[in-house]
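User: Hi! Could you walk me through this one?
Analyst: Happy to, ask away.
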Amino acid sequence: MTSELNRMTIAEARDGLARRDFSAIELTRACLEQIKLVDPKINAFITVCAHEALEQAAAADRRLAAGDAPALCGIPLAIKDIYATRGVRTTCASKMLENFVPPFDATVIARLREAGAVFIGKANMDEFAMGSSTENSAFGATRNPHNVERVPGGSSGGSAAAVAADECLGALGTDTGGSIRLPAAFCGVAGIKPTYSRVSRYGVIAYASSLDQVGPFAKTVRDAAILLRTLAGHDPHDSTCSARPVPDYEAALTGDVRGMRIGVPKEYFGAGMEPQVETAIRAALASYERLGATLVEISLPHTEYAIAAYYIVATAEASANLARYDGIRYGLRVEADNTGELYNRTRAAGFGAEVKRRIMLGAFVLSAGYYDAYYLKGQKVRTLIRGDFDRAFARCDVIATPVAPTTAFKIGEKMADPLQMYLSDIFTISVNLAGLPGLSIPCGFDSDGLPIGLQLIGAPFAEETILRAGDAFERTGAITRRAAIL
Amino acid sequence: MSDNAYEAIIGLEVHTHLMTRSKLFCGCSAGFGAGPNENVCPVCMGMPGVLPVLNRHAVELAIRAGLAAHCEIAPESIFDRKSYFYPDLPKGYQISQYELPLCKGGYIELPAHSEGAEPRRIRLTRIHMEEDAGKNIHESGASLVDFNRSGVPLVEIVSEPDIRSADEAGAYLRELRSILRYIEASDGKMEEGGLRCDVNVSVRKRGAAEFGVKTEIKNLNSFRFVEKAIEHEVARQIDILEAGGRIAQETHLWDPVREVTRPMRSKEFANDYRYFPEPDLPPLRVPPDLVEAIKTAMPELPADQRARFVRELGLTAYEAAVLTQDRDLGAYFETMLAAGLKNHRTAANWVMTEVLRVVNEAARPLADAAPLAIESGELLKLVETGAISLNAAKTAFAAMCKSGKGADATVAELGLAQVSDEGAIAAACDQVIAAEAAKVAEYRGGRDKLFGFFVGQVMKAMGGKGNPKVVNEILKRKLSG
Amino acid sequence: MADSKISVEQVRHVARLARLELSAADETALQANLSEILQYIDQLNRLDTSAVAPTAQVGEAGTPMRDDVIANRPDPEAMLANAPARAGHLFKVPRIIE
């Protein structure tokens with residue numbers, strides 16, 4: 001049975017480990033075997049940490065034997081290569097950091113270590129989390145386990161693909177404009193972007209600081225809830241991190257959504273949406289009605305402006321966040337005989353095309369003479385978008401939308417057209433601008449067998465509500481998880 | 001001279017380290033003198049993923065500085081990112097404050113150095129908080145970077161263009177440093193980079209309403225350089241204008257060796273700093289009760305101490321100004337008085353001459369160079385009671401500086417106590433009168449000038465310890481007798 | 001491009017600010033990409049935001065403050081471990097021109 005251990009959910013593995021049905025070492029080996037088997041086809045990992053993972057698993061077994069197993073003891077997880085991991089190279093999928101080994105752990109990495117988790121490897125991603133397809137990686141594109149000709153979504157595509165391909169039991173991603181929810185939808189797994197400030201960002205390589213948020217991928221909503229409980233909470237190293245107490249998210253999964261008001265924004269159902277996506281979403285909404293929830297039509301009138309506002313705010317912050325990659329203290333250096341040339345060449349050689357594009361856009365919108373017209377305007381539109389959600393949540397408890405207008409697109413399809421790529425995030429980006437929690441769960445498949453994702457958006461800190469709603473839908477069993485085509 | 005037809009318009013931007021234990025945004029030591037890159041961590045090295053967390057004490061010191069300079073303390077201020085590339089700037093941006101600084105407005109009042117003169121007020125634009133950069137060490141063919149200073153808290157104190165001369169700039173800087181030291185916000189040590197100054201200078205025809213084109217001079221790390229650089233720059237600008245030329249708006253560096261300013265070659269794009277609000281730090285909110293608490297705990301400021309010295313101790317404005325240039329000096333003076341000195345001005349002059357001289361000669365801080373203030377006080381007390389002469393006090397003081405011993409012990413050890421005993425003095429006088437019979441006859445014959453000679457002989461006979469007042473009295477009596 | 005939102009000169013200027021060496025082909029491509037994106041962004045001008053306050057951050061609390069205590073121990077070797085070039089415990093860079 002060892003070969004099947006990697007297919008388990010975290011909840012199942014937790015119970016099995018507690019009962020000593022199998023060991024953490026066996027579970028970790030099963031994941032490493034699966035990686036050996038399938039990763040050459042999907043390239044979900046930049047670095048596989050077999051040695052370290054087996055050591056962590058051995059330590060987990062000792063704790064399990066001693067009867068002091070913490071929450072995630074022995075659970076193998078994939079870690080997006082955006083998290084600083086002490087002693088393990090952390091590339092952010094960039095040539096710039098190809099050999100960078102952080103001397104410190106991100107806060108959430110430290111928390112997972114304490115919780116006994118096993119880090120199976122560092123997952124592929126779009127370089128510096130800039131992209132929607134995981135094609136912008138200096139280490140090659142990740143492929144969708146459901147169809148290797150398709151993208152897994154991005155930027156946390158490696159994490160999503162690794163979970164979908166049973167290379168691990170769960171994974172960490174980050175979400176700045178949809179980077180957890182889109183790959184979750186494209187790969188048919190659960191992924192949650194918590195409320196901004198719910199989880200510490202310390203040690204998470206910054207893309208856009210006011211939008212970035214940490215979150216888990218998992219095979220079920222319950223697993224996502226289990227992971228989130230360990231991740232969330234106050235961190236004295238992150239000034240933007242909330243001090244609110246962390247609820248027991250798993251306990252919120254009652255299966256009961258009776259009386260829940262589910263808002264359906266009319267702006268999210270329009271031109272550009274694939275009919276099969278709309279059908280699946282409508283079917284999911286109908287399920288909720290059967291479960292006793294009420295559907296409420298709502299309006300989020302500024303939705304169409306979200307992408308424009310996002311590409312101002314995010315790139316402006318990114319242009320500063322990525323200024324530290326200068327070839328002086330760490331990372332790539334292209335030698336030159338003066339520092340100015342050293343910067344120019346190092347940054348030209350170290351960053352990929354999409355990263356350069358966003359740095360350029362960000363520097364431009366902040367530059368003298370353009371600040372008001374672009375940066376300030378973007379910030380004001382952000383206010384309007386937040387206002388839309390404030391008004392909507394006066395009328396509903398959860399907002400349900402598609403995660404994306406289409407299923408996973410073909411590798412290479414949008415690489416030549418940055419703007420088309422940006423538009424993939426049309427339904428996810430507003431949530432980041434407003435700082436809200438958003439859950440992506442599978443709600444069907446298209447005729448090509450590609451997963452379709454349902455997005456459940458909550459009010460600030462209403463993670464329990466959206467997890468409960470997601471879990472309730474999952475319990476209906478309407479969507480049986482299809483084994484990935486591998 | 002054409003110089004008189006022009007006036008200089010000068011504004012100063014002073015950066016000073018705040019005296020915190022740890023850095024502004026991380027728990028590294030802010031201390032000076034550690035080995036290279038010892039006081040660094042991922043945060044102040046700008047490693048990927050790190051985040052800043054604000055040091056409360058730095059905020060309190062900045063507020064103290066703001067209150068001391070009569071600024072308005074903003075209930076909510078914002079940190080911004082100031083973007084530029086430089087090897088000593090780890091993140092590629094400096095966390096500073098731009099649109100909404102912590103302190104706004106305010107002024108520094110320059111002490112009047114002569115009686116009846118009006119004190120000058122130099123208005124401030126703002127005081128804001130920011131982090132320092134590291135340090136580049138230039139070697140032939142390469143530069144080396146040490147990030148120990150990276151992230152050390154600074155305040156930047158920006159004046160309005162209210163300063164009109166190099167002298168006034170110097171007076172402003174001295175008063176500012178004095179205030180910062182009084183409130184223990186900064187030690188103002190320029191040699192350690194603890195206080196740095198950028199100068200904006202323009203000139204205009206006297207009476208003109210418009211300001212001229214200004215140049216900025218950077219790299220000024222001593223008060224003397226500031227004054228010299230301003231003098232040089234003002235003269236340079238007047239020469240250009242007189243020759244029919246135009247001033248270019250540019251940044252100059254002060255070359256302390258050749259004592260000239262020269263335009264900077266780099267930083268041609270440095271003016272577009274692309275400021276925007278630092279997303280990693282929420283707004284800095286300062287509750288009114290915190291401001292009140294800081295205000296209540298404020299130590300006496302130099303201006304207040306100055307006024308008190310004049311009003312209560314009868315010092316001149318000049319004496320009060322010198323004694324309050326430095327918090328330690330003012331404190332030294334007041335501790336001396338605590339020995340029970342009645343003549344305050346003698347004590348003030350003692351500090352201004354004897355104490356300042358040893359401090360300057362030793363080129364060390366007051367506490368190291370001079371004896372304890374209370375011992376200086378005791379020493380002057382001995383002069384007041386007539387136990388020793390003022391000259392003997394000076395001798396004792398020099399010895400005390402070296403030995404660190406107390407006043408009484410030193411006076412005893414060196415045998416400096418005056419002999420006021422009339423019997424001993426009379427005996428010495430008789431001895432001299434007997435030995436110098438010829439001169440006595442001359443004196444009695446009307447050569448009054450010889451009196452000094454006799455005093456000298458008596459003092460010599462007494463080993464210099466005779467109380468001069470008593471010697472005079474007795475000698476006069478005996479010679480006339 | 002007649003309808004470019006950004007000129008090649010502006011592209012070069014921004015590349016200097018961002019310290020990116022660009023080839024001629026990069027410049028052309030970026031001019032086209034950025035123009036298209038800026039044109040898309042221009043739709044924001046349909047919104048009257050004159051009375052709208054900007055949102056820089058979504059949190060509601062003021063910044064937390066830490067106590068002024070030294071929490072880090074010197075470890076220059078760890079801090080220099082990733083250095084591309086060093087001299088002892090210092091980072092080495094080409095000579096800086098001021």
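User: How many helices and strands does chain C have?
Analyst: Chain C has three helices and three strands, taken as DSSP runs numbered from the N terminus (helices H or I, at least four residues; strands E, at least two). Along the sequence the pattern reads α-α-β-α-β-β.

User: And is chain C compact or spread out?
Analyst: Chain C is more spread out than a compact globule, because its radius of gyration is 23 Å, well over the 13 Å that the globule rule gives for 98 residues. That radius is taken over C-alpha atoms, and the rule is 2.2 Å times the number of residues to the power 0.38. Along its principal axes, the C-alpha trace of chain C spans about 55 × 45 × 25 Å.

User: What should I know about the model and its numbering?
Analyst: This is a predicted model: local features need pLDDT of at least 70, side-chain atom pairs count only at pLDDT 80 or more, and totals for chains, interfaces and linings use all residues. Residues are numbered from 1 along each chain as its sequence is written, chains are lettered from A and ligands numbered from 1 in the order in which they are written, and side-chain values use heavy atoms, with hydrogens and water left out.

User: OK, on to chain A and chain C. How many residues does the contact take from each?
Analyst: Chain A gives 63 residues and chain C gives 50, with contact meaning heavy atoms within 4.5 Å. The area buried between them is about 5,000 Å², 66% of it from carbon and sulfur atoms; this is the accessible area (1.4 Å probe) that two parts lose on being put together, summed over both.

User: How many salt bridges are there between chain A and chain C?
Analyst: Two, where a side-chain nitrogen of Lys or Arg lies within 4 Å of a carboxyl oxygen of Asp or Glu. A:Glu304 forms a salt bridge with C:Arg46, the closest N and O atoms being 3.1 Å apart.

User: Which elements of chain A give two or more residues to that side?
Analyst: Among them are α9 (306-321), α10 (339-350) and α12 (371-392) of chain A. The largest share, 11 residues, comes from α12(A).

User: Now chain B and chain C: how many residues are in contact?
Analyst: 54 residues of chain B are in contact with 36 residues of chain C. Together the two chains bury about 4,000 Å², 59% of it on carbon and sulfur atoms.

User: Which residues form the salt bridge there?
Analyst: C:Asp67 and B:Arg56, with their closest N and O atoms 2.4 Å apart. The count between chain B and chain C is one salt bridge.
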